[in-house]
Amino acid sequence: MTEQPESVREIRINPIVPSESVLVSTARGMRPRKDEAPAPRDTRKHVDRCPFCKGNEHMTPPTVAASPGEEGWSVRVVENLYPVLGDDSRSGNLVFGLQQAIEGYGRHEVIIDHPEHGVAIQDMSEDHLFRLTGVYRDRIRSLYETDERIQYVLVFKNFGPAAGASIPHTHSQVVAMPVVPENVYNEVTHSRRYFEKSRQCIFCSLIDEALTFEAKIYDRESGAIRRQIDVGQYVIERGEHFVAIKPFASRYEWEIHILPLKHSSDFVNINDAERHDLARVLKHSMQRLDAVIGGAQYNFFLHSIPHNNEFADCDASYHWHLEICPRTSIPTGFELGSGLFVSTISPEQAAQQLRAVEID
Ligand SMILES: [Zn+2]
Ligand SMILES: [Zn+2]
Ligand SMILES: [Zn+2]
């Protein structure tokens with residue numbers, strides 16, 4: 001086990017999107033942020049007035065899809081009552097000087113993750129998570145197929161009011177949009193550039209590094225070890241097909257990324273064996289987070305290759321992943337104004353704490 005240095009203060013550049021960086025500053029008194037109070041968990045099984053609870057199906061828009069079927073559903077998909085994008089706009093793109101707007105065309109659906117009201121991801125069975133990720137895959141595929149204007153289908157989950165969840169019943173959302181969202185755009189273009197130079201997928205390289213890299217960084221003057229990078233230092237959970245890692249330069253202190261070990265650009269190509277393993281790695285990662293930060297409010301979202309012509313050549317350079325971003329503190333003006341996020345725990349320490357949780 002490596003001795004953690006007394007304190008770390010350094011700016012780390014995101015290796016995938018170099019324009020994103022994080023200030024890791026673990027020194028006491030460097031807490032610019034206010035802690036986000038953990039949301040009280042609503043663990044009720046059934047709530048009479050909740051539109052997403054079983055038996056209240058008449059309170060939602062009609063079912064778009066359900067698994068295993070509409071009767072006795074375990075996962076149910078409905079249109080969002082308040083879509084951020086809808087299909088009624090036919091105005092075309094608006095351009096006025098430097099101001100451009102793309103018509104707000106798209107689809108917005110809600111995935112009711114589970115019939116029980118207050119069950120958290122880590123409490124769902126692996127079989128259920130297998131089913132849920134199957135619904136994610138089917139909705140993404142179907143939305144791409146129904147309209148060729150759709151360039152990206154984003155699946156995400158908000159859990160807890162700080163993460164933007166307005167309905168407490170556990171749910172995910174799917175937004176099909178006519179543009180590629182900036183975060184994905186940046187990842188895809190930067191990883192393509194990396195591939196052009198090195199003929200390697202940067203995500204695969206990072207996984208290899210996370211699994212095998214070992215290095216000592218010495219102080220130039222004294223010769224003392226300044227930092228030691230251990231094997232598996234960033235690995236939180238390893239399955240047969242997936243790995244959960246704590247990124248070296250992540251904006252959120254407890255951020256976890258889950259990636260397939262075998263290179264794959266598109267989540268919709270996931271097979272059943274992989275999906276079983278994903279269910280296990282996801283459940284364990286959420287159990288670890290819950291044990292360490294307790295009652296976490298978080299967002300998670302799937303980043304997968306966009307379905308458009310611009311990125312048709314990115315199969316070898318892009319690598320899909322799931323990003324889990326717990327909201328443990330409120331970003332400060334400094335962070336929002338500078339884009340430089342501050343992490344008061346080093347990613348190495350965070351990974352170590354998450355890894356140390358005993359999973360039954
Ligand atoms: Zn409910
Ligand atoms: Zn890869
Ligand atoms: Zn990403």
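Residues are numbered from 1 along each chain as written, and chains are lettered from A and ligands numbered from 1 in written order. In this predicted model, local features need pLDDT of at least 70, side-chain atom pairs count only at pLDDT 80 or more, and totals for chains, interfaces and linings use all residues, while side-chain values use heavy atoms, without hydrogens and water.

Start with the zinc ion (ligand 1). C50 (SG), C53 (SG), H117 (ND1) and H169 (ND1) coordinate this zinc ion at 2.0 to 2.3 Å. Donors here are N, O and S atoms within 2.8 Å of the metal (3.2 Å for Na, K and Ca); water is not among the atoms, so sites may look incomplete. The 4 donor atoms subtend angles of 106 to 116°, so the arrangement is tetrahedral. That label requires four donors with all angles between 85 and 135 degrees. For four tetrahedral donors, the ideal angle is 109.5 degrees. Along the chain, the donors of ligand 1 follow the spacing C-x2-C-x63-H-x51-H. H117 sits in the loop between β8 (107-112) and α1 (126-146), and H169 in the loop between β9 (152-159) and β10 (171-177), so the pair ties together parts 52 residues apart in sequence. Helices (H or I, at least four residues) and strands (E, at least two) are DSSP runs, numbered from the N terminus. Both histidines are buried: H117 has a relative accessible area of 2%, and H169 has 0%. Buried means under 20% relative accessible area (1.4 Å probe, protein chains only).

Now turn to the zinc ion (ligand 2). Its protein donors are C201 (SG), C204 (SG), H263 (ND1) and H319 (ND1), at 2.0 to 2.3 Å. Their spacing reads C-x2-C-x58-H-x55-H. The angles run from 106 to 113°, which makes this arrangement tetrahedral. C201 is buried, with a relative accessible area of 6%.

Next come the sheets. One open sheet has 10 strands in the order β4-β5-β8-β10-β9-β16-β17-β15-β14-β13, with antiparallel pairing. Its edge strands are β4 (63-67) and β13 (235-238), each pairing on one side only. Neighbouring strands are turned by 20° against each other on average, direction ignored. Two strands pair if DSSP finds at least two bridges between them. In β5 (residues 75-79), 4 of the 5 residues are buried.

A second open sheet has 3 strands in the order β1-β2-β19, with mixed pairing. β1 (9-13) and β19 (340-343) stand at the edges, each with a single partner strand, so one side of each lacks a neighbour in the sheet. The twist averages 25° from one strand to the next. β2 (residues 21-25) runs parallel to β19, joined by 4 bridges. S21 has L340 as its bridge partner.

Finish with the helices. The axes of α4 (residues 272-293) and α6 (residues 347-356) come within 8 Å and cross at roughly 105°. That makes α4 roughly perpendicular to α6, a term covering 65 to 115 degrees. Axes are lines fitted to C-alpha atoms, for helices over the stretch in contact, and angles run from 0 to 180 degrees between N-to-C directions. R288, L289 and V292 in α4 meet Q353, L354, R355 and A356 in α6. Contact means heavy atoms within 4.5 Å.

Methods:
Tetrahedral: all angles 85-135°; square planar, octahedral: opposite > 155°, others 65-115°. Buried < 20%, exposed > 50% of the residue type's maximum accessible area, 1.4 Å probe, protein only. Parallel < 35°, antiparallel > 145°, perpendicular 65-115°, else oblique.
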